[in-house]
Amino acid sequence: MKKAIIVWGGWQGHEPEPCANIVGELLREDGFAVEITNDLGIFGSPLLANADLLVPVITGEKLEKPHADALVQAVRGGLGLGGHHGCLATSFKESAAFRYVSGVTWVAHPGNIIDFKVAVTRQDDPLMEGIPDFDYRSEQYYLHYDPSVEILATTTFTGQYDPAARNIAMPVVFKRHFGEGRVFYSALGHVAAEFSHPYMPLILRRGLSWAARQ
C-alpha cells in the first residue's frame, strides 16, 4: 500500500485543516495509507524516505534550508509532490529550493473571486480523460511556472480586472518530472467548499495518484 503524508498549516483563509482532511479521504478511497499532520518538521524527517507522496496544504510559513534541501533530494529520489491552489504555489515563498522543486509560484488573482472558464488542453492525457472544458468560480490564479511543466488545462484572462493580463493563457493544471520524482499541481480549490465541484476533486485525486512514487 502506498503511503501519503499530508501536512497542513499557514494562513487559515485557505482552510488548510478541512482541505487536508478532504484530500486525505480522497487518497484513502484510492488505496493510500494516509498520515495527516500540522508538524512542519516532517520536511526534515526520515519519514519522508518511507513515503510515496507528500501533499503540503500550506499557505505561507517558512521552511528551513536544510529541510528544503532534504525535500528536493527526496523528490529527486522518487517521492511524489502534489497540491492544489495555494498548496505549492503559495507555500514557503521565501524558499528558493522549494520554488525550484514545486515549479510554481502564485503572484496575483485579479478580481479575487470571479467566474472563469477552464480549458482542458490535453484530453488525451489519462489525468484529464473524459473531462470537458468547464466553468469555475474561485480565484483565477496568475502564476509564474517552470518551463518544464506539461500543461493539461489553462484559463485565459479577459483583462476585465487587470488590462496587463488581457488574453494571457495561464496553466490551471500541470504535471512535471523532477529527477525520479513527479510533481502535480492544480490551481483550483481556494476553500473546502470547492471540493463539491464535479471536476475539481477528480482532477486532483488523479494527479496525486499519478505523482506518487513509481
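This is a predicted model: local features need pLDDT of at least 70, side-chain atom pairs count only at pLDDT 80 or more; totals for chains, interfaces and linings use all residues.
Residues are numbered from 1 along each chain as its sequence is written. Local features need pLDDT of at least 70 and side-chain atom pairs pLDDT 80 or more, whereas totals for chains, interfaces and linings use all residues, and side-chain values use heavy atoms, without hydrogens and water.

The chain holds five helices and eleven strands. These are DSSP runs numbered from the N terminus (helices: H or I, at least four residues; strands: E, at least two). The C-alpha atoms fill a box of roughly 50 × 35 × 30 Å along the principal axes. Buried residues (under 20% relative accessible area, 1.4 Å probe, protein chains only) make up 56% of the 214 residues.

The largest nonpolar core has 72 residues. Such a core is a set of buried Ala, Val, Leu, Ile, Met, Phe, Trp, Tyr and Cys residues joined through side-chain atoms within 4.5 Å. Leu27, Phe43, Leu53, Leu54, Phe184 and Tyr185 touch the most other members. Helix 5 (residues 200-211) gives the largest share of this core, six residues.

Gly83 lies in strand 4 (residues 80-84). Gly83 is buried, with a relative accessible area of 0%. Leaving out residues up to four places away in sequence, Gly83 touches Val55, Leu88, Phe184, Tyr185, Ser186, Leu204 and Leu208; contact means heavy atoms within 4.5 Å. Arg205 is 122 residues from Gly83 along the chain, yet their C-alpha atoms are separated by 9.9 Å. Across the chain, residues 24 or more positions apart account for 72% of the contacts with a separation of 6 or more.

Conventions
Buried means under 20% relative accessible area, exposed over 50%, partly exposed in between (1.4 Å probe, protein chains only).
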